[in-house]
Amino acid sequence: MTDSPLRLAVIIGSVRDGRFGPTVAHWFAQQAREYGRFEVDVIDLVDLPLPLVMPSWGGDTDPAAARVEKELSQRLGAADAFAVVTPEYNHSFPAALKNTIDWFREEWQAKPVGLVSYGGQGGGIRAAEQLRQVFPEMHAVTVRDALSFHSAWDVFGEDGQPVDAEGAAGAAKGMLGQIDWWGTVLRQGRALRPYGS
């Protein structure tokens, strides 16, 4: 049994101009670092744009797209667990996030996913609930607890920290505990027996 830190990829799912995702993601990444059990890799999809057509589906092999695909594959594959930070667009989650999920397969398998949503009155809950249906198809497991920031622009101060710092940190700690447990057990399982064997 290894007690080395789990590699947690925090994925910023929105690529829109004016997005609020980086504020939420960087706060959550700091919470994960302070938890003490994670090495954190923040993956911002705006920096790693995938085309909509995969080369295997008849699309052209663009060298820039191939570099992005390789980097994302390596970073997702290296992760032991994920935290997906998503807004809610039209009762769902962003297209760039869905494209990233669909582009890869083995990279997600037998790993836990924590969901961090934000938005207006709904707090992105419908996006998170839809992701709970998507990730099992990738053979990943979503942890029970999630974070949801309603009216996120009012919940976070100009310093990028939640106004209710104690309450938000407590909720994050609860979810990180579940990611830690699932991530540890599944990492041990993958080491004992490769997934799908």
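## Thr100 in helix 3

Thr100 is placed in helix 3, which covers residues 95-103. The model described here is a predicted one. With a relative accessible area of 4%, Thr100 is buried, because the limit for a buried residue is under 20%.

Apart from neighbours within four places in sequence, the residues in contact with Thr100 are Leu45, Leu50, Leu72, Leu76 and Trp108. Two of these contacts, Leu72 and Leu76, are among the buried residues of helix 2.

The buried residues of helix 2 include Ala65, Val68, Leu72 and Leu76. These residues cover an arc of only 60° around the axis, and therefore lie on the same side of helix 2. Among the elements that cover the buried residues are strand 1 (6-12), strand 2 (38-44), strand 3 (81-87) and helix 3. On the face turned away from the buried side, helix 2 carries Pro63, Arg67 and Lys70, which are exposed.

Trp181, Trp182 and Val185 make a nonpolar surface patch of about 300 Å². Val185 belongs to helix 6, which runs over residues 165-192.

Is Val185 buried, exposed or partly exposed? Its relative accessibility is 35%, so Val185 counts as partly exposed; this class lies between the cut-offs of under 20% for buried and over 50% for exposed.

Definitions and conventions
Residues are numbered from 1 along each chain as its sequence is written. This is a predicted model: local features need pLDDT of at least 70, side-chain atom pairs count only at pLDDT 80 or more; totals for chains, interfaces and linings use all residues. Side-chain values use heavy atoms; hydrogens and water are left out. Helices (H or I, at least four residues) and strands (E, at least two) are DSSP runs, numbered from the N terminus. Buried means under 20% relative accessible area, exposed over 50%, partly exposed in between (1.4 Å probe, protein chains only). Contact means heavy atoms within 4.5 Å. Patches are made of residues with over 30% relative accessible area and no salt bridge: like charges are joined within 9 Å, nonpolar side chains (Val, Leu, Ile, Met, Phe, Trp, Tyr) within 5 Å. Accessible areas come from the Shrake-Rupley method with a 1.4 Å probe; for residues, only the protein chains shown count as cover. A salt bridge is a side-chain nitrogen of Lys or Arg within 4 Å of a carboxyl oxygen of Asp or Glu. The arc is that of the directions from the helix axis to the C-beta atoms.
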